[in-house]
Amino acid sequence: MAAGRWRRVGSTLWRVIAVWAVSTLTMLALAGILPDFKLQSDDGDSATRVAITAASGAGAFGLLSAVVWPLLVRALLLVPALVLGLLAFFLNGSLLLLALSLIPDGRGEANAQTAVVVAAVMSAVASATGAALAVRDDDAYRRRLYRLADRRRRGVEVSEGPVTPGTVFLQLDGVGHDVLRSAVDKGLMPTVAHWLGAGPEDTDKESPGKEGPGKEGPGKEGPGKEGPGKEGPVRRDATHRLTPWRTDWSSQTGASQLGILHGSNFDVPAFRWYEKDTGEVMVSNRPASAAELQRRAIERTGDGGLLTVDGASRGNLFSGGAEQLALVLSIAARRGKENRSRAGYFAYFRDPANAVRTALSFVAEVGREIGESTRARFQRRRPRVSRGGLYPFIRAFATVVERDVVVAAVIGDMLAGRSAVYADLVAYDEVAHHSGPCSRDAEKVLARLDRSLALLAKVAEHAPRAYRIVLLSDHGQSPGETFQARYGLTLEDLVKAGCGLPVPRKAQRTHSGAEARAAVRAALRRPVEEGAGEHRPERRAEPVVLASGNLGLVSFGDVPHRMTREEIDRRHPALLPTLANHPGIGFLLVRSAERGPVVLGARGAEVYLDEEPREPAEPGPLADFGPGAADAVRRTDGFPHVADIMVNSWYDPDEGEVLAFEEQIGSHGGLGGAQSHPFLLSPLTLRPPVADGADGAELVGAERVHEVLRGWLGEESGPQIPREEQGGDTAFAVVRRAAQDKTL
């Protein structure tokens, strides 16, 4: 052991000297290139003296970076995360100026702008040199990964780890089943291809749709009427199996991840919805709403979540009951150093090389987005949405900062030997919303995500315990232009027109707006061309119209209960016909006082969901949305906070396209196409998610996925998830107490 320890010390010392030497040479080169950066006195110095000055400056900069930088990052934890990466440049430049001031006789000199450039280049070169020197040293590689991810674990002995395997759940947000298969077919994701035992040349015949996702959506054999179907045959050299699953009607992260992590997504009708009892709009990605949704799920199930035993939650909307939390939205509003959502950034940004590398990638991603959006505009691509303003920075944060920090946190969890880790990587979902689910832009993001998967797979080889890596997604995305782009008015405009309320002049001039106004006049038995002095009915409160992808919600806030179909018809006789007959609307869900939930479609089509048979022989407006659509809609109808009118957009089963009620050309949130068909990629050592040989069996709903993952954690004497609180100040105990006193 002593010999091994001295060997590691010698190896570390050698790398420090090598990095110092390379940094010195870099500083000399920059001094010769940059006119405002000097390493000699005004009278000039010998080459030896200049070299000594450079070595002194490089050594002082490296020492300050190692000692002062972590303290600076800790002091800046209250700074918004989006700003922290940009500040890395200026902080590094300040450290360089401080290092130059320590050189005797004032031989080091640089202005502020030059100092930022020199510091960034030196940090990047030092990081690359250190990584290159550690490539052949497995112990050094492991220590480097550990130091970047979780320095607090340095004192933990890792030579003797648990004998039972741990499990890492990696969620690729928004990646549909067919999109993943297409990416494997094209060679974009070699790590996933290796797990499936397949490559670009031999996966096409196993793909659910031979044509793949197509230009901007699933092929004709993809998730249209039938969906991707059951899992395909497992190749002989595969290590994982790929299984499609079907979401609930609300095909979005809030509903899916709540169901997966906490076992219940009851009463989550959409990404955003209006609650009449409180008068508030719930939005899944707001900290207060996420905390309330988590509280409700725990209260309903009596269970802390999937990760209550030695678990870690990274980059998620919800905690899953984990003790180790980083970038978890549901705890973002809490006070205290350990519970702040930004606390996870410290472990990553305390390393200056990490900060500079991520900052450089951030700037490059901003430039990439500006270039791609400019190219799309000049080429007049359709469909297209606005990608200006702050969006390039939002995209860069999702695809670079969030990815790097979450991956580093997962690396730390694996090297710490934690039993269960669940992490969400949102890069693809963010880009696909604005560029399209199968665009070249989105494919590049998938390729970069695959490199992150390869890194985590490599780390698993160095972890103190064996790890089973499970890859999954929470939903897919369906392509298509926006409702407003096609018809010239928003869903809110159409609803207001159907209610006889004022709408913007631009919307009035559209064909849809004119038809809606004519329908209102006809319903009220008034001449189609009444003048400005016409009698108007008593003005009531305007409806609350919200959008969640291609799912719309209409609520009448001045009515305390859910309005029935009959009440809506009496109040606004033209509204339901206007919506149901619009070409951009697929179907409506309302509730009849006499016959229960009813689905309305064009030309008077009606399907009563509570009447026998439960699966109607004539699905009517639901026909194009595939099997299980009626069950999904019926389940949502039973939610206490379902809207008065639920609106699902038109869907083209041949092209897989929908019409988003938001500014997105890749959307999810309702029924129709690939958005409802995510995937589950699991090791063959785990039980199949769907029983072999079960006719027609498929994985349906996020709550069912939770049961599958929960069962896997219990296999091979893995961690057991307690149904009740076992005492102690656990994360579950904190949330349960908050649920009782409403303080969360």
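Trainee: How many cavities of 30 Å³ or more does the count come to in this structure?

Mentor: The general idea is that rolling a probe the size of a water molecule over the atoms shows where empty space is left. In this model, which is predicted, the count comes to five cavities of 30 Å³ or more.

Trainee: What is the volume of the second largest cavity, and which residues lie nearest its centre?

Mentor: The second largest cavity has a volume of about 70 Å³, and of the 13 residues that line it, Val179, Ser182, Cys438, Glu443 and Leu446 lie nearest the centre. Two elements, helix 6 (177-185) and helix 14, each give two or more residues to this lining. Sorted by class, the lining holds nine nonpolar, two polar and two charged residues.

Trainee: How should I read the packing of helix 13 and helix 14?

Mentor: Two packed helices are described by the angle between their axes and the distance between the axes. Here helix 13 (residues 427-435) packs with helix 14 (residues 440-460) at an angle of about 175°, and their axes are 9 Å apart. Because angles over 145 degrees count as roughly antiparallel, helix 13 is roughly antiparallel to helix 14.

Trainee: Which residues make that contact, and how do they divide by class?

Mentor: Helix 13 contributes Ala427, Tyr428, Val431 and Ser435, while helix 14 contributes Asp441, Ala442, Val445, Leu446 and Leu449. These residues divide into seven nonpolar, one polar and one charged.

Trainee: In what order do the six strands of the open sheet stand, and which strands stand at the edges?

Mentor: Strands of a sheet pair through backbone hydrogen bonds, either parallel or antiparallel. In this open sheet the six strands follow the order 12-13-17-14-15-16, with antiparallel pairing. Strand 12 (544-548) and strand 16 (606-608) are at the edges, each with a single partner strand, so one side of each has no neighbour in the sheet. From one strand to the next, the twist averages 20°.

Trainee: How many bridges join strand 13 to strand 17?

Mentor: Strand 13 (residues 551-555) and strand 17 (residues 645-649) run antiparallel and are joined by four bridges; in one of the pairings, leucine 551 has asparagine 648 of strand 17 as its bridge partner.

Trainee: Which strands do helix 16 and helix 21 lie across?

Mentor: Helix 16 (residues 491-498) lies across strands 12, 13, 14 (585-592) and 17, and runs at about 150° to strand 12. Helix 21 (residues 629-637) lies across strand 14, strand 15 (596-600) and strand 17, running at about 45° to strand 14.

Methods:
Residues numbered from 1 in each chain as written. Predicted model: local features only at pLDDT ≥ 70, side-chain atom pairs only at ≥ 80, totals over all residues. Heavy atoms only, no water. Axes fitted to C-alpha atoms, helices over the stretch in contact; angles between N-to-C directions. Parallel < 35°, antiparallel > 145°, perpendicular 65-115°, else oblique. Contact = heavy atoms within 4.5 Å. Nonpolar A, V, L, I, M, F, W, Y, C, P; charged D, E, K, R; others polar. Pairing = 2+ DSSP bridges. 1 Å grid on protein atoms, 1.4 Å probe; cavity = no way out; pocket = protein on both sides within 12 Å on 5 of 7 lines; lining within 4 Å. Points joined across faces, edges and corners; volume = space filled by probe spheres on them.
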